[in-house]
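Dear colleague,

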Number of protein chains: 2
Amino acid sequence: MAEVKNKRVILKDYVTGFPKESDMNIVDSTITLKLPQGSDNVVLVKNLYLSCDPYMRTLMSNPQGSINPRAYTPQSAIAGYGVSKVLESGHKDYKEGDLVWGITNWEEYSLIPAAQIHFKIENKDVPLSYYTGILGMPGMTAYTGFFEVGSPKKGENVFVSAASGAVGQLVGQFAKLHGCYVVGSAGTKEKVDLLKNKFGYDEAINYKEEQDLNAVLKRHFPEGIDIYFENVGGKTLDAVLLNMRLNGRIPVCGMISQYNLTEPEGVTNLAHIIYKRVLLQGFIVADFYHLYPKFLEFVLPHIREGKVVYVEDIAEGLEKGPEALVGIFKGHNVGKQVLVVSRE
Amino acid sequence: MAEVKNKRVILKDYVTGFPKESDMNIVDSTITLKLPQGSDNVVLVKNLYLSCDPYMRTLMSNPQGSINPRAYTPQSAIAGYGVSKVLESGHKDYKEGDLVWGITNWEEYSLIPAAQIHFKIENKDVPLSYYTGILGMPGMTAYTGFFEVGSPKKGENVFVSAASGAVGQLVGQFAKLHGCYVVGSAGTKEKVDLLKNKFGYDEAINYKEEQDLNAVLKRHFPEGIDIYFENVGGKTLDAVLLNMRLNGRIPVCGMISQYNLTEPEGVTNLAHIIYKRVLLQGFIVADFYHLYPKFLEFVLPHIREGKVVYVEDIAEGLEKGPEALVGIFKGHNVGKQVLVVSRE
């Protein structure tokens with residue numbers, strides 16, 4: 001069987017500080033499109049859509065001292081969530097032609113352990129790329145972080161940072177569907193417009209234009225914040241801690257503002273959680289994938305009826321991968337950053 | 001009826017930074033030892049034992065911007081937990097001669113709303129002063145913070161800061177009774193000796209002598225910390241966050257290291273709670289007083305059998321109050337700081 005070209009995105013070495021495009025290389029390798037003999041539980045896939053997610057930065061660091069105990073292997077292809085088509089399967093649950101989503105490598109074709117596949121894609125009346133976003137890890141993160149960790153009640157006051165991002169845009173919409181008052185923050189006028197006019201946030205803050213986030217939060221939340229969906233950490237968290245309401249909850253999904261700092265910013269207002277009885281709960285979506293069928297039941301009708309929308313920022317071609325991935329740490333993406341490797 | 005002298009401890013003004021003895025005044029006033037007419041639900045008490053507790057510092061600050069929404073009134077007597085004897089009662093639940101514990105004023109005699117009394121003291125075979133400590137608010141704080149918020153399991157690894165203090169010495173003993181491995185930190189050799197030789201801690205750290213608390217914690221907790229009972233905040237919390245185990249819990253009881261700082265220290269390692277799925281939960285013992293009868297059932301037999309001990313640091317006389325109270329923020333107390341106003 002003939003070999004075909006297989007472009008890949010390689011991490012050169014562990015990254016310190018903000019990642020740069022030059023931390024990655026696009027390399028041409030080859031692959032034989034046939035499962036090697038003895039490939040039980042391995043699946044050969046063609047990668048279609050790859051997901052650019054903030055947590056990937058934590059895998060670029062030397063794991064020693066990193067917040068993430070796992071890390072990419074330097075000189076190897078990076079990996080992440082993606083939508084792939086099965087070309088040949090060594091696992092009984094998958095067969096040629098199946099569409100799947102899960103963890104795959106940043107390359108055109110991958111041999112992946114079947115255990116890395118999260119779910120077979122059954123509902124194909126929605127854009128396939130959605131399985132890297134609203135119907136994939138970010139969707140589940142928003143859903144479980146808000147509902148399972150945040151325990152929202154109708155009428156509560158919700159604040160979301162990185163509010164137009166892959167996860168944030170959904171937290172805002174889910175919170176509105178749940179009858180909450182929702183304010184989001186983002187870093188450009190365009191994103192703030194999206195928050196109010198596309199995602200239905202009650203109020204939106206451009207944090208880059210505010211000198212005193214504490215005062216802004218006090219204005220938007222005179223009674224305090226019941227749920228802060230934490231995506232960014234640092235100064236935003238510090239201002240939020242001054243504005244939490246009694247028995248408030250902070251699902252800690254991520255702290256993107258801190259991932260690229262060699263010296264993280266100090267959070268000075270933590271003592272405010274004592275009298276307010278505030279809960280901070282770090283969570284990882286992987287602990288909640290058993291809820292995926294329930295999530296699909298909830299979200300698919302909303303998508304079909306247009307009651308939940310999803311904004312994607314699509315980069316075309318694997319060679320755009322480094323730029324797209326690096327861009328999310330500068331806030332270049334508007335909505336969920338997707339990388340198209342191939343549309344079929 | 002004749003008036004009697006009634007010495008009181010007055011807060012001069014809101015305090016900034018470390019409190020000083022000179023922030024308080026001892027003043028002589030007088031009181032008629034008779035309930036005024038129409039004093040429904042008011043009780044006249046003689047104060048016997050007063051409790052010096054870290055949270056009292058939060059009441060000395062201007063409430064504007066403070067972590068505590070309540071504050072003492074400048075030029076009035078400060079208040080706190082205490083054991084008192086009822087001289088005359090305007091409330092049906094109390095009668096002359098009853099011993100009670102709850103919130104009272106720092107003075108010899110007080111007229112207090114009955115609602116400020118937490119419990120009538122029924123078990124008198126233990127030192128009365130214990131109702132400011134092991135059998136009072138600090139005991140309940142240790143019990144509910146550890147068991148209700150911390151959800152300990154046998155065999156788990158527990159770290160306690162301010163470990164010889166009013167609350168910490170009990171958390172350590174409760175954790176040992178529960179079958180946990182327990183390490184405590186304190187700030188003098190004498191306290192560290194108490195931790196190991198009196199309270200049964202497995203290991204004890206003198207944090208003032210350690211340059212690298214992170215390394216010390218790594219040595220004592222090679223598998224990580226399941227429960228960190230947080231009394232101090234700041235640098236200790238930062239080192240702990242690097243050493244939490246998967247699904248660890250941090251009941252946040254207090255952050256005494258931060259109460260006196262005009263600029264709190266920054267906690268830089270919060271992002272470590274994400275992958276470790278760590279919970280931080282601020283709590284206030286007042287939410288748990290319904291568990292007091294259950295707590296007494298648990299702790300009284302242990303006290304009587306000598307299986308739980310309690311170390312008190314006793315100051316004699318109301319005029320020693322300011323010194324005793326200020327001392328707990330300098331770590332002068334060894335064990336629970338009690339102030340004796342009168343022994344009967």
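Does B:Glu265 count as buried, partly exposed or exposed, and what is its relative accessibility? At 24% relative accessibility, B:Glu265 counts as partly exposed, where buried means under 20% relative accessible area, exposed over 50%, and partly exposed in between (1.4 Å probe, protein chains only).

Please keep in mind that this is a predicted model, in which local features need pLDDT of at least 70 and side-chain atom pairs count only at pLDDT 80 or more, while totals for chains, interfaces and linings use all residues. Residues are numbered from 1 along each chain as its sequence is written, chains are lettered from A and ligands numbered from 1 in the order in which they are written, and side-chain values use heavy atoms, with hydrogens and water left out.

Over all chains the structure holds 40 salt bridges, each being a side-chain nitrogen of Lys or Arg within 4 Å of a carboxyl oxygen of Asp or Glu. In one of them, B:Glu265 meets B:Lys235 at 2.3 Å, N to O; this pair links distant parts of the chain, 30 residues apart. B:Lys235 is exposed, with a relative accessible area of 60%.

Another salt bridge pairs A:Asp287 with B:Arg277, whose closest N and O atoms are 2.7 Å apart. A:Asp287 lies in a loop of chain A and B:Arg277 in a loop of chain B, so the pair joins two chains. A:Asp287 is partly exposed at 36% relative accessibility, whereas B:Arg277 is buried at 17%.

With kind regards

Terms used:
Helices (H or I, at least four residues) and strands (E, at least two) are DSSP runs, numbered from the N terminus.
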